[in-house]
Amino acid sequence: MHPQIIKDKPGSCPICGMDLVKKTAGEKVTDVSLNDLLRPSNQYVLSGIPTVHIQQRDEPVEITTYGFITYDTRQEGTVSSNVTGRIEKLYIKHRYQQVNKGQKIMDIYSPELLTAQQNLLFLLQHDADNQVLISAARQKLLLLGMSNQQLDQVIKTGKPVFTVSIFSGYSGHIHESSPEAMQQQAATGMKDVSLITEELQLKEGMYVTKGQNLFVIYNPSKAWAVLNIFSGQAGMVKVGDKVRIVPETAPEKDFRASINFMEPFYRPDSKTATARVYFNNPNMGIPIGSQVKAVIFAGARSARWLPEEAVLTLGLDKVVFIKKDDAFIAHKIEVGIVNNHLIQVLNGLEETDEVAANAQYLVDSESFIKVKQ
């Protein structure tokens, strides 16, 4: 108990009272190297946990991803001015107002339009037989935005109208084509339809120029589900793959569709590939901007698979514990996709290697794993 107590004859220990034991010379000393003392305790782990082998088989790939709902820009319509003039009457009261095709948007007073009407009336009164000039004058008024009904009224009454009406050629939600929106579009290359909900910048009495875009109309009954796919999975997704989409605002309105388009670039804000799913929205009524969860059914993939629990993640490195005799040794491997709790093994393992079924059982959270290369 107390080896510092040494006497030249038999007796008892003055500290604990135990009998002293005779000391003999030539005892064998175990030679322990410094490397053995410094070896991490969990580099070579004794354990009896279950083991598994990698399996080569076809596995159906299901990719879970997230995205959002946005307008179908193929249904986008633009309301612009055909003449330069002053807004006399504005019939749109606020952004996102529902408008129908043929609905009156505004009345514009245009000196150019007034002059063109006077020219037509002058020809009708003083040169009625000159059908070439009269036809050209009529065509000019139509190109300036005057409708056939308004033109017939001018000819019938013999008096010009001072304003021309601008009508919507589309049905949907109206968005103001503001300078801020144009600058944002030029900077990003993509149209952001989520404009600020302030009052309209266009007001009665303001002047507009010929060809100026005044409003943009989006049809909410036609929508896209834009799905973000990580770069490691993007190569497995292709146009035509089936997808199940679950809106977060209405999980009971989940629906099946197909991948319609893969954008050929990575968006700078997310560094993910983007897939588009076109669908009809009138019956479901999913709000634009809603977040969605999607499962993409990318078909079967032939690969070598291990249970996901058998692989330990150490930052960028992936580690398994290979069984050697009665112990396990940490070993680095290269992996691919993760699918349905299985992970694809690309390199570092043979079919004959036996690895721990659950790598977490062999890890002490306070220790450091040294991987043998």
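Modeller: A salt bridge here is a side-chain nitrogen of Lys or Arg lying within 4 Å of a carboxyl oxygen of Asp or Glu. The structure is a predicted model, in which local features need pLDDT of at least 70 and side-chain atom pairs count only at pLDDT 80 or more, while totals for chains, interfaces and linings use all residues. Residues are numbered from 1 along each chain as its sequence is written, and side-chain values use heavy atoms, with hydrogens and water left out.

Biologist: With which residue does Asp-254 form a salt bridge?

Modeller: Asp-254 lies in the loop between E13 and E14, strands being DSSP runs of E of at least two residues and helices runs of H or I of at least four, numbered from the N terminus. The partner lies in strand E13, so the bridge ties together parts that are 10 residues apart in sequence. The closest N and O atoms are 3.2 Å apart, and the partner is Arg-244.

Biologist: Is Asp-241, which meets Lys-238 in a salt bridge, buried or exposed?

Modeller: The N to O distance between the side chains of Lys-238 and Asp-241 is 3.0 Å. Burial follows relative accessible area (buried under 20%, exposed over 50%, partly exposed in between; 1.4 Å probe, protein chains only). Lys-238 has 46% and is partly exposed. Asp-241 has 6%, so this residue is buried.

Biologist: How many salt bridges does a search of the whole structure find?

Modeller: One further example is that of Glu-59 and Arg-57, with 3.0 Å from N to O. Glu-59 is buried at 10% relative accessible area, whereas Arg-57 is partly exposed at 30%. For the whole structure, the number of salt bridges found is 9.

Biologist: How far apart in space are Ile-87 and Gly-205, C-alpha to C-alpha?

Modeller: Ile-87 lies in strand E5 (residues 85-90) and counts as buried at 1% relative accessibility. Leaving out residues up to four places away in sequence, Ile-87 touches Gly-205 and others, among them Met-106, Leu-202 and Val-208. Ile-87 and Gly-205 are 118 residues apart in sequence, yet their C-alpha separation is 5.1 Å.

Biologist: Over the ring of which residue does the charged end of Arg-74 sit?

Modeller: A charge sits over a ring if NZ of Lys or CZ of Arg is within 6 Å of the ring centre and within 35 degrees of the ring normal. The charged end of Arg-74 is 3.8 Å from the centre of the ring in question, that of Tyr-278.

Conventions:
Contact = heavy atoms within 4.5 Å.
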